[in-house]
Amino acid sequence: MTDALTTTWTQDDQQRQNTYLQRVIERIQAKTARQASSLAIFDLDGTLFDNRPRTAYILRQIADQFESELPQLVKAIDSNALQDLDIIKYGPMATLDGMGVTDPREREIISEQWAKRFFTDDYQHFDVPLPGAKNFVSQVYEAGATVIYLTGRDVNMLVGLTETLRMCGFPVGVVGTMTMTKKDFDQDDGIFKENVAAYLDRIGEVVAIFENEPANSNLLQKIFPGAVSMFLLTQHRQDAPQLADGIVKIRDFRIRG
Ligand SMILES: [Mg+2]
């Protein structure tokens, strides 16, 4: 798994991030001035939000609730394993590997309890926006684009994700915004995003795409070749394909020197 939050970031990388983020705003402003529509697509997990604090909270809660059954997890937490968020990887199993939780029975309990909590309304408010995310999305919105939150979370998580977006100051639930979730948990992420893309193509011009899954990023770039396509260097699936050429890697949403 790529855990690019820890990779080096040069001045040139930052300049490229500044340039492309700025370009998105300018393109939207130009289209708005011509009374033309523009759509900007933002994924949530690993794109606008760092969801590792959600898992950290959940693991602590599980350890507390099932203390006698989970000695390895309790020991890891007692040794401050969760103090550094980098220990939290994509998916609970990779995280437990890093925490030294190897017992199969413990892993089974934790995995089941984690999934029961992670994919619900109740824990999304532990997510933390990426640096600059709220400001950048607000700028995109104010420039006149329709802000589209396109997430692999399913509709059962709609209330919690809306609450979190609102709590963090993102434009949501108002004119000029849309939220699109999967109709059920088991719907394939790629097919879902492909179907949505076909719909978006009918309602306006997609000018910018922000994603952290290479497969989704490649798919959306292929469907909307005219859009600025940005890839967040956060975390993604282990079995991800190579990122296609022309997709710009960014670390967060800050435009700075
Ligand atoms: Mg994502």
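The largest nonpolar core of this predicted model has 44 residues, and those with the most contacts inside it are Ala40, Ile41, Phe42, Val140, Val207, Ala208 and Ile209. A nonpolar core here is a set of buried Ala, Val, Leu, Ile, Met, Phe, Trp, Tyr and Cys residues joined through C-beta atoms within 7 Å. Buried means that 20 or more other C-beta atoms lie within 10 Å of the residue's own, with C-beta atoms placed from the backbone; exposed means 12 or fewer, and partly exposed lies in between. Elements that each supply at least two residues of this core include helix H1 (11-33), E1, helix H6 (133-142), E4, H7 and E6. Helices (H or I, at least four residues) and strands (E, at least two) are DSSP runs, numbered from the N terminus. The largest share, 5 residues, comes from E6. Apart from this core lies another, of 18 residues, among them Ile58, Ala76, Leu82 and Tyr123.

Residues are numbered from 1 along each chain as its sequence is written. Because the model is predicted, local features need pLDDT of at least 70 and side-chain atom pairs count only at pLDDT 80 or more, while totals for chains, interfaces and linings use all residues.

Strand E1 (residues 39-42) has Leu39 and Ile41 pointing one way and Ala40 and Phe42 the other, and all are buried. In a regular strand the side chains alternate between the two faces of the sheet. E1 pairs in the parallel sense with strand E4 (residues 146-154) over 4 bridges, and also in the parallel sense with strand E6 (residues 206-211) over 4 bridges; pairing requires at least two DSSP bridges between the strands. Leu39 stands opposite Thr146 in E4 and opposite Val206 in E6.

The buried residues of H7 are Leu161, Thr164 and Leu165. They lie on the same side of H7 because they cover an arc of only 100° around the axis, taken from the directions from the helix axis to the C-beta atoms. These buried residues pack against E4. Just after H7, Gly169 takes a positive phi of about 90°.

The domain assignment, automatic or from a database, gives domain 1 (4-50 + 128-250) and domain 2 (52-125). Their contact takes 16 residues from domain 1 and 11 residues from domain 2, where residues are in contact if their C-beta atoms, placed from the backbone, lie within 7 Å. Helix H7 (residues 158-167) gives the most to the domain 1 side, with 6 residues.

Methods
Contact = placed C-beta atoms within 7 Å.
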